[in-house]
Amino acid sequence: MSDIKKRIKNARLPEKTVPVCLRGDLVAEFEDLERRLEEALRTPATSAEDDRSAVIAERMEELRSQMIEETTSFRLRAMPKPRWREFIGEHPPRQLEDGELDERDRLIGVNVDTFYDALIRQSVVNPALDEDDWLDLLGGVRKGEDGVEEEIEGVLTSRQFDELADAAWALNRREISVPFSPAASRMTRSSATE
């Protein structure tokens, strides 16, 4: 079997992992403590202020550990080309009353109000989420057993949503290159010289 045939047979669609801390309260507290620590470190040192800095730094480390525990890694995978084309077609740009396309939709060629939620849902392959999970994560409308609709806000911040959407878009539309890790490179170089 030729080298290219083997590579094609072994090929896999590009994937990316996006870590998301689902406890925004911890992130906010950490950022607040970070500001307080910077302020404490700018103040001339006395033993009381040194203690305050150490207490703040200790709490930041506790929070960091909690944030790591509350972080979920979302694994996303690109769609095969035919599915991508079909998917784009499922979210056509909106046409306004005057016949023009909605300005935001025109820029990328899709209905931006429906596209990105669907893109994230289509791209996330792990963890496996059911419809209730998706509604709790991204928001939307849930129909109760009594038939009454309930608006769900979702738990992602705009930035977290954008990180997932950007990763999904990049997997399908941007160049995928071989990653490089400076840290791993340094480690392998230094172990090779020992």
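**Chat: helix packing, rings and salt bridges**

Me: Hi! At what angle do α6 and α8 pack?

Reply: Hello! First, F115 is buried, with a relative accessible area of 0%, and keep in mind that this is a predicted model. F115 is one of the α6 residues that meet α8. Helix α6 (residues 112-123) and helix α8 (residues 158-173) pack at about 70°, and their axes are 9 Å apart.

Me: Roughly perpendicular or roughly parallel, then?

Reply: Roughly perpendicular, because angles from 65 to 115 degrees count that way.

Me: Switching to rings. How many aromatic pairs are there in the whole structure?

Reply: The search finds 6. In one of them, the ring centres of F87 and F115 are 5.4 Å apart with planes at 50°, so that pair is tilted. It links distant parts of the chain, with F87 in helix α4 (residues 81-89) and F115 in helix α6, 28 residues apart.

Me: And is F87 buried or exposed?

Reply: Buried: the relative accessible area of F87 is 2%.

Me: What sort of pair do F115 and Y116 form?

Reply: An edge-to-face one, with 5.1 Å from centre to centre and 80° between the planes. Y116 is partly exposed, at a relative accessible area of 23%.

Me: Which residues do ring pairs link into a cluster?

Reply: W84, F87, F115, Y116 and W169.

Me: OK, salt bridges now. How many in total?

Reply: The whole structure has 21. Among them is D3 with R7, at 3.2 Å from N to O. These two are 4 residues apart in helix α1 (residues 3-10), so about one helical turn separates them. D3 is partly exposed at 48%, while R7 counts as exposed at 57% relative accessibility.

Me: What does the D132 and R142 bridge tie together?

Reply: D132 lies in helix α7 (residues 131-138) and R142 in strand β4 (residues 140-143), so the pair ties together parts that are 10 residues apart in sequence. The bridge itself is 3.2 Å, N to O, and D132 is partly exposed, with a relative accessible area of 41%.

Me: Last one: which residues do shared partners join into a network?

Reply: R94, D102, R104, D105 and D113. Within that group, R104 and D113 meet at 3.2 Å, N to O. R104 counts as partly exposed at 46%, and so does D113 at 48%.

Methods:
Residues are numbered from 1 along each chain as its sequence is written. This is a predicted model: local features need pLDDT of at least 70, side-chain atom pairs count only at pLDDT 80 or more; totals for chains, interfaces and linings use all residues. Side-chain values use heavy atoms; hydrogens and water are left out. Axes are lines fitted to C-alpha atoms, for helices over the stretch in contact, and angles run from 0 to 180 degrees between N-to-C directions. Angles under 35 degrees count as roughly parallel, over 145 as roughly antiparallel, 65 to 115 as roughly perpendicular and the rest as oblique. Contact means heavy atoms within 4.5 Å. Rings of Phe, Tyr and Trp (its six-membered ring) pair if their centres lie within 6.5 Å; planes under 30 degrees apart count as stacked, over 60 as edge-to-face and the rest as tilted. Buried means under 20% relative accessible area, exposed over 50%, partly exposed in between (1.4 Å probe, protein chains only). A salt bridge is a side-chain nitrogen of Lys or Arg within 4 Å of a carboxyl oxygen of Asp or Glu.
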